[in-house]
Amino acid sequence: MKRLNNVMGGLAALAIAVLFSQCAGNSNTQTASAPAQAANLSGMKIAYVEIDTLLSQYNFCIDLNEAMVKKSENVRLTLNQKAKELDDQKREFQTKYQNNAYLSQERAQQEYNRIAKLEQDLQQLSNQLQTELMQENEKNSLQLRDSINAFLKEYNKTKGYSMIISNTGFDNLLYADSIYNITREIVAGLNARYSSPATK
């Protein structure tokens, strides 16, 4: 159960990591000759968005993370409660067995088998609930990415950027003048479009 608690404790961190990686997206680059690239770059209008800031301030992302933390906590509590009940039954069986409380060895074996089945069922339940959490996390990541991409397409119809780059720490962008940082504008636009379930 200690391993189970470690896995469950890390699910919130996993949720954040998956959301970060999904939002950073995949950049497809086309190869061209150096003069052609230089000619194209001279007319390009480029901006960047700080993904860390966006994810920490975009209300949809905040709501998704809070929901996942609550579900992870509910799963942890459920599994811990069932594990405690199982441990109590194991201790009771051990005490009865040591005190020869069972009428026969066959009856003791039946009780042992019943408890072993409960332990197996608990492990299966743990695996099932963790799989469901990970699947929901992946679904949330896709929804978040689609939400951001859809907004950026609409936003860029009037802004006319050739490229909007995502920046997570030093992963993608080592240096850029802050004049090209449109993070606040994007966060404000996303939040203006989003209605929290609590306000519906």
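Mentor: Let us take helix α5, where R91 and D88 lie three residues apart and are thus separated by about one helical turn. Helices here are DSSP runs of H or I with at least four residues, numbered from the N terminus. The model is predicted, so local features need pLDDT of at least 70 and side-chain atom pairs pLDDT 80 or more, while totals for chains, interfaces and linings use all residues. Residues are numbered from 1 along each chain as its sequence is written, and side-chain values use heavy atoms, without hydrogens and water.

An α-helix has 3.6 residues a turn, so residues three or four places apart point the same way. The side chains of R91 and D88 meet in a salt bridge at 2.5 Å, N to O; the term requires a side-chain nitrogen of Lys or Arg within 4 Å of a carboxyl oxygen of Asp or Glu. K96 and E92, four residues apart in α5, form another salt bridge, their closest N and O atoms being 3.3 Å apart.

D88 is partly exposed at 31% relative accessible area, as is E92 at 45%; buried means under 20%, exposed over 50%, and partly exposed in between (1.4 Å probe, protein chains only). The buried residues of α5 include F60, L64, M68, L79 and F93.

Definitions and conventions: Helix = DSSP H or I, 4+ residues; strand = E, 2+ residues; numbered from the N terminus.
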